[in-house]
Amino acid sequence: MTTQTTASTTAAAPAASTPTGLIGIPPQLGRALATGGSALAVVSTFLAWTWTDEFPGDLTFYGYPGGLQVLVLVGALLATLFAVASYGVRGLGWLTPGGADAALKYAVLGTFATAWYTVLAISIKLGGVVNLEPGGYVVAAATLAALVGALALPFQRPEPDPIDPDDNAWEHFKHDAGHLWATLRAAFAAGSPRPVRALPSYAEILIIVGILAVALVVFTYGIGTEYDELFVGFLITAGFGFTALHRSGLISHASQITARHTNITVCGAFIAAACFPFTQTDDQYATLGVYILIFATVALGLNIVVGLAGLLDLGYVAFLGVGAYAAALVSGSPSSPFGVHFPFWAAVLVGAVASLVFGVLIGAPTLRLRGDYLAIVTLGFGEIFRIAVNNTDGTSGPDLTNGSNGIASIPDLKILGFDLGVQHDIGGFTIGRFANYFFLMLLITAVVVLVFRRSGDSRIGRAWVAIREDETAAEAMGIHGFRVKLIAFAVGATLAGLAGTVQAHVTYTVTPEQYLFAGTTPPNSAFLLAAVVLGGMGTIAGPLIGAALLFLIPNKLQFLGDYQLLAFGLALVLLMRFRPEGLIPNRRRQLEFHEEADAPTVLSKTGA
């Protein structure tokens, strides 16, 4: 009896470990469905999806994709490429160094989500599915078939944990739910990509140029979306597309290549950013660009304090305000009680030095605190600054900042006779006011990036990291903890003040209400901290990307109204749950959250 039971269990073991899909259809049929459905989705974008142009984007044309059809076309093409590569077609192996199935699933899922979101939006906005043309039905059916096929692709299912027979119904439910979640994670998991082989330097530089060109196109398209439905579709396509590329291993290969040419990558990124104003026909989106750069520069300064030194600063936006007010007071504004007009370089020095002084004055008595106590003190400083500039109006205090009215009518900057407030024609392109400030802010961002890179790789930068990891152990090794933290606080404050000097001239007016702890629009301390955490603490690219997303998304989601912050908060909670290390993590930090991950191929402070 015992022998028969043992033999039965042994015979069943190989069957339990046989890879199967989430949907019980043959894998070959599933792969064919995913490939054919994705290809048919490509074709459907050249058909009309609705009969009327009342839906934004005018999806009534045959042979010419428009609006959301373009996003579905991009997702379907990506899914088709991964599907064909999954057959092992010669010459397409470079597309999937980490495996094709997981990338195919994410690409198909993104295409399905964008297509069905579009079909539902058309039906709701126009009053029913009767408003769909054949193309709408075709894309819905094609993406559904592709999704069913992708979910049928085989994967190695995890073995369930043993069940205690004495557990109650709730324990059994938790056990089943945990196993279901582990199965879903395994279904969308990818293997470790093989290391990228060394290519000639010119080839790798060309690859870097191509990556930066794609990034510029994606950013320009995203910032130029003209209506709400298109931006939501862009977020869906970009999110799933990036995840698919990551699962395929292409992002890992791109990171390895850029790590070999760090200086070229950084310079190329700034050149690509400088090309952005030339892609615009007017100054509308250059406005968003300059505000994103201001926000990103301040976030990068905060990254020194939080990401490298590990100091939780909840009042950092006050240093931006100090620099803005200091520059505004010496800018020649009629609201300034000083009545002086310093040149640009002097105003920049005044703003940076004022923030530096405040950083030292606030940091000296408080940086002996740690953790939550330090966070509470910095939060108090941020509120004290706002209340103080609100009260120095000549009534509640000295007449210095004009109270709640702020300092208005701040004149535009003139640098070496170049007036940033007027349009200029350069090489046949018309560069408007905000484009001028965009170039200036890009230069300041380059300075901040240089400071971050040099300080992060220096002796003081390593001391910051040691303090962040374990202050007691760092002091036992001879690091002067208080002095090192004070330097980080002062450097971060100086960089914020530097950005504040430009912000004062861009906005024409500085008021106390611009420098809150939390609000619906950045920059504020909560958004700045979220940008650092969302992008990836301790990296350069992380806070820049995080700041761009946190500024752009609320600006584009105005249609949510009062629910905007709710949706935004839910998105952050989900991201921190599933990717706590941030979008562009430091590789060492990524291993802290994912101990089962492979050892890093490239160790770097600057992330991917």
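Helices (H or I, at least four residues) and strands (E, at least two) are DSSP runs numbered from the N terminus. The structure is a predicted model, in which local features need pLDDT of at least 70 and side-chain atom pairs count only at pLDDT 80 or more, while totals for chains, interfaces and linings use all residues. Residues are numbered from 1 along each chain as its sequence is written, and side-chain values use heavy atoms, with hydrogens and water left out.

Contact (heavy atoms within 4.5 Å) involves Phe-527, Ala-530, Val-533 and Leu-534 of α19, and Leu-565, Phe-568, Leu-572, Leu-575 and Met-576 of α21. By class, this contact comprises nine nonpolar residues, no polar and no charged ones, where Ala, Val, Leu, Ile, Met, Phe, Trp, Tyr, Cys and Pro count as nonpolar, Asp, Glu, Lys and Arg as charged, and the others, Gly among them, as polar.

Positive phi values occur at two non-glycine positions. Ser-409, in the loop between α14 (371-391) and β1 (414-415), has phi of about 55°. Tyr-508 is partly exposed at 37% relative accessibility, and Ser-409 is likewise partly exposed at 49%; the class lies between buried (under 20% relative accessible area) and exposed (over 50%), with a 1.4 Å probe and protein chains only.
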